[in-house]
Amino acid sequence: NLIIRGRGFTFPVTTMAFDSYSLRYFIKEHGIQMTLRQRNQGSYNSTTGTVANTVVDYTTIGFSFHSVPYDLQQKNSVVVASRQIIFTSLQVNGSALPKPKVNDQVIISGFTHDILKVQEVKSSNNVIIYVVDVKG
């Protein structure tokens, strides 16, 4: 189970059953525009001796929150993945968002976060949202 807590609201998301309309409404009302940056490794170029990497950016709507609240973190510990981001399975232009992968990035308000873990939340066989744990 995932519980999203913010200032003045608590929104539980369960993997068993949920109201997808409420979840999409939550993201619409509280979410912001963010970028999913997929990084793909190209093939080796024997002439230059390098591997060309490509990046493709997709714009979506999502919500970022701390999965470990600051007041519960130990002051002398380093928390690697203290933030989770949920975002819709659609781009802002209405087309499907490709599934995020580990080592892809999410860019929010100019800050770049590396994806450490990806979860899908589905209704039947349809992906409604992605939940990613990020570094940063």
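Among contacts in the protein chain between residues at least 6 apart in sequence, 50% join residues at least 24 apart. The model is predicted. Its protein chain holds 1 helix and 8 strands. Along the sequence, these follow the pattern β-β-α-β-β-β-β-β-β.

**Surface and interior**

- Of the 136 residues in the protein chain, 32% are buried.

**The nonpolar cores**

- In soluble globular proteins, nonpolar side chains tend to be buried together.
- Here the largest nonpolar core has 12 residues. Among them are Met34, Leu36, Tyr58, Ile85, Leu97, Ile115, Val132 and Val134. Phe87, Val106, Ile108 and Tyr130 belong to this core as well.
- Strands E3, E5 (83-91), E6 (105-108) and E8 (126-135) each give two or more residues to this core.
- Which strand gives the most to this core? Strand E8 does, with 3 residues.
- A second, separate core has 10 residues, including Phe26, Ile27, Phe65 and Val121.
- Ile108, from the largest core, is in contact with Ile32, Met34, Ser64, Ile85 and His113, leaving aside neighbours within four places in sequence.

**The aromatic pair**

- A pair of aromatic rings is described by the distance of the centres and the angle of the planes.
- The count of aromatic pairs comes to 1.
- The rings of Phe87 and Tyr130 have their centres 6.0 Å apart. Their planes are at 45°, so the pair is tilted.
- Phe87 lies in strand E5 and Tyr130 in strand E8, so the pair ties together parts that are 43 residues apart in sequence.
- Are these two residues buried or exposed? Phe87 is buried, with a relative accessible area of 1%. Tyr130 is buried too, at 5%.

- E3 and E6 run antiparallel and are joined by 3 bridges.
- E6 also pairs with E7 in the antiparallel sense, over 4 bridges. In this pairing, Val106 stands opposite His113 of E7.
- The hairpin of E6 and E7 has 2 residues between the strands. In this hairpin, Ser109 takes a positive phi near 50°.

**Thr35, in strand E3**

- Thr35 sits in strand E3, which covers residues 32-45.
- What is the bridge partner of Thr35 in E6? The partner is Ile107.
- Why does Thr35 count as buried? Its relative accessible area is 18%, and buried means under 20%.
- Thr35 is in contact with Asp57, Tyr58, Thr59, Gln105, Val106 and Ile107, leaving aside neighbours within four places in sequence.

**Gln119, in strand E7**

- Gln119 is placed in strand E7, residues 111-123.
- Gln119 counts as partly exposed, because its relative accessibility is 32%.
- Not counting residues up to four places away in sequence, Gln119 touches Gln84, Ile129, Tyr130 and Val131. Of these, Tyr130 is a member of the aromatic pair.
- How many residues apart in sequence are Gln119 and Asp133? They are 14 residues apart in sequence, and their C-alpha atoms are 8.6 Å apart in space.

Technical notes: Residues are numbered from 1 along each chain as its sequence is written. This is a predicted model: local features need pLDDT of at least 70, side-chain atom pairs count only at pLDDT 80 or more; totals for chains, interfaces and linings use all residues. Side-chain values use heavy atoms; hydrogens and water are left out. Buried means under 20% relative accessible area, exposed over 50%, partly exposed in between (1.4 Å probe, protein chains only). Contact means heavy atoms within 4.5 Å. A nonpolar core is a set of buried Ala, Val, Leu, Ile, Met, Phe, Trp, Tyr and Cys residues joined through side-chain atoms within 4.5 Å. Rings of Phe, Tyr and Trp (its six-membered ring) pair if their centres lie within 6.5 Å; planes under 30 degrees apart count as stacked, over 60 as edge-to-face and the rest as tilted. Two strands pair if DSSP finds at least two bridges between them.
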